[in-house]
Each structure stands twice: as structure tokens, then as C-alpha cells.
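Morning, everyone. I have one structure to walk through, and I will keep it brisk.

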Amino acid sequence: IITEHSIPLVWANVVNLSLSLSLALSRSPSDLNECDSSPCGQECANIYGSYQCYCRQGFYLKEDGHTCEDIDECSQSIGNLCVFQCVNIPGSYQCACPPNGYTMSTTGHTCRGTD
Ligand SMILES: [Ca+2]
């Protein structure tokens, strides 16, 4: 039974509910950009409620989820692209040729005799 006193009480509750709801909603869009504090070794992507670190080409993300480590291409199959020698460098790798009588081909992977 709705008495004449219960009606304002119900409305007060509705107002209270909508107030707390709008407070919760006003908080959620202001997602904290964790990337502002540079938590990642290289690149950072702010995602809703969190962030994700990622690494530039030639690097991989370590188990800690933050540190980027150089990929040693020479210890992997990609290093086999070098016909003579593979030299690992940060973020990449280079092929090398025997020091005397050879030059690197334009592909950067094979050696050409210069005699
Ligand atoms: Ca490398």
C-alpha cells in the first residue's frame, strides 16, 4: 500500500541511486593512461583499465611483460640467410663477408668475389 508519506521516500531513493550511478559513470571514462609514466621498455599502448607493452621490430617482449630484448637472429634460422657470417646487432642483424676479396651483394646476404 502506498501511503502519502512513502512516495517522497521512493523518489529520494531513486535520486540517490541516480546520483551514485552518475558518479560511477563519471569516474569510468577517465581511464588512467599508465603510459604517461613510461612503464614499458619501448612502446606502450594504453588500453581500457590497463596497458600493454610491446616492442619494436627486432625485439621481443620478455616474460616480465615490460622489458624488450634484442632478438639474436644469428642463433635462429633467419641467421642462415647469411652465406658467410651473421652479425647480431640491436634490433636487427647484418651479414658479413670474408675480409679479403669479397664484397656484400646488394641483397645484403651473399658475398661476391671482387677479383
Ligand atoms: Ca638482433
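First, the ground rules. This is a predicted model: local features need pLDDT of at least 70, side-chain atom pairs count only at pLDDT 80 or more, and totals for chains, interfaces and linings use all residues. Numbering starts from 1 along each chain, as its sequence is written.

Now the layout. The protein chain has one helix and eight strands. Helices here are DSSP runs of H or I with at least four residues, strands are runs of E with at least two, and both are numbered from the N terminus. The order along the sequence is α-β-β-β-β-β-β-β-β.

How much of the protein chain counts as buried? Of its 115 residues, 7%. Buried means 20 or more other C-beta atoms within 10 Å of the residue's own; exposed means 12 or fewer; partly exposed is in between; and the C-beta atoms are placed from the backbone.

Next, contacts. A contact is two residues with C-beta atoms, placed from the backbone, within 7 Å. Take the contacts with a separation of 6 or more: residues 24 or more positions apart account for 17% of them.

What does the record say? UniProt, in an unreviewed entry, places "domain: EGF-like" at residues 31–69 and 70–112. Such positions are given in the numbering used here, feature names are shortened, and annotations may be inferred rather than shown by experiment. Residues 31–69 are 0% helix and 38% strand. The end C-alpha atoms of that stretch are 29 Å apart.

β1 and β2 pair in the antiparallel sense, over five bridges. To pair, two strands need at least two DSSP bridges between them. Ala45 has Gln52 in β2 as its bridge partner. Two residues sit between the strands, and Gly49 takes a positive phi near 80°. Gly49 lies in the loop between β1 (43–47) and β2 (50–54). Why does Gly49 count as exposed? Because it has 9 C-beta neighbours inside 10 Å. Leu32 is 17 residues away from Gly49 in sequence, yet 6.9 Å away in space, C-alpha to C-alpha.

Hairpin two. Strand β5 (residues 85–89) pairs with β6, antiparallel, over five bridges. Ile89 stands opposite Ser92 in β6. There are two residues between these strands, and Gly91 takes a positive phi near 85°.

Last, the faces of β6. In a regular strand, side chains alternate between the two faces of the sheet. Strand β6 (residues 92–96) has Tyr93 and Cys95 on its covered face. Ser92, Gln94 and Ala96 make up the uncovered one.
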